[in-house]
Amino acid sequence: GDSARLLCLPVHPLWQSPITIPGGSRQSPINIQWRDSVYDPHLKPLEIRYDPETCLHMWNNGYCFLVEFEDSTDKSYITGGPLENNYRLKQFHFHWGAINEWGSEHTVDCKVFPAELHLVHWNSCKFASFEEAVMEANGLAVIGVFLKIGAHHSGLQNLVEVLPSIKHKDTLVEFDEFDPSCLLPSCPDYWTYSGSLTTPPLTESVTWIIKKKPIEVDEDQLEMFRMLLFNSFGDEEQRMVDNFRPLQPLMGRTVRSSFS
Ligand SMILES: NS(=O)(=O)c1cccc(F)c1
Ligand SMILES: [Zn+2]
């Protein structure tokens, strides 16, 4: 997209077409301009309750790798923060670059991080399933966490060591007893705004909750993300990198902060 060109970033074939939905007024990702965000004292602390037993499997969907959760009951959910209801954990995944200079979807004061974690939840008070919630306003809540290069992350290592078993598109590995709260920074501060999915169907159904503080992972751990492939077994090898969407226009939206 244009903004990637502005940022002098390569535009991955995935995004060369003007991927915006007609009339999209609340698309994601966006640049968060810290000084334009508005402190909202009414924002509550986010409550995060994850049950490690709900973890199902990890798989390569040909765009990223994701860890999916059993979501037939409210065992793993978030509430509070900007949310009116309980939102049930469905999956988490990452976006990353070919090199550490870029990779995140959101930016803060135009700062790009090497990667970004998305924890995807759906409104289980108002909808019967994730698929239904995807299509509706207030259907989804996604927590975004920036990754920066630094210390080794022991929790992430549990994911990294099974990546070789899902190298190709549509490969899956059983995964149990993983608590994704180990991937969250200890600082409770976040920004929140109304946006969309950053991949098709790009529906404008997401309350974004972007954590202010990044988590640290080491160089080797991020390099392991880059050994994954977009392609199926037997097809020409295409390294899974740069799976992020270009920045989208703010269109007059206000980003609120939970901190002053
Ligand atoms: N990248 S994202 O906006 O979190 C997203 C894209 C597609 C499906 C989904 F559940 C979440
Ligand atoms: Zn995502």
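1. How far is a nitrogen atom of ligand 1 from an N or O atom in the side chain of His95? The distance is 3.3 Å. The model is predicted, and this value, like the others below, is computed from it.

2. His93 shows a contact of this kind as well: an N or O atom of the His93 side chain is 3.3 Å from a nitrogen atom of ligand 1. For Thr198, a polar side-chain atom lies 2.8 Å from a nitrogen atom of the ligand. The protein buries 90% of the 310 Å² that ligand 1 exposes when taken alone.

3. Around ligand 1 stand Gln91, His93, His95, His118, Val120, Phe130, Val142, Leu197, Thr198, Thr199 and Trp208. By class, this shell holds 5 nonpolar and 6 polar residues, with no charged ones.

4. Two strands, β7 (87-96) and β9 (115-123), each supply at least two residues of the shell. The most come from β7, which gives 3 residues.

5. Strands β5 (65-69), β7 and β9 are the elements that give two or more residues to the lining of the largest pocket. Here too β7 gives the most, with 4 residues. The lining divides into 12 nonpolar, 7 polar and 2 charged residues, whereas the shell around ligand 1 has no charged residues.

Terms used
Residues numbered from 1 in each chain as written. Chains lettered and ligands numbered in written order. Predicted model: local features only at pLDDT ≥ 70, side-chain atom pairs only at ≥ 80, totals over all residues. Heavy atoms only, no water. Near = heavy atom within 4 Å. Polar contact = N/O pair within 3.5 Å; in protein donor to acceptor, adjacent residues only side chain to side chain. Areas by Shrake-Rupley, 256 points an atom, 1.4 Å probe, with all protein chains shown as cover. Nonpolar A, V, L, I, M, F, W, Y, C, P; charged D, E, K, R; others polar.
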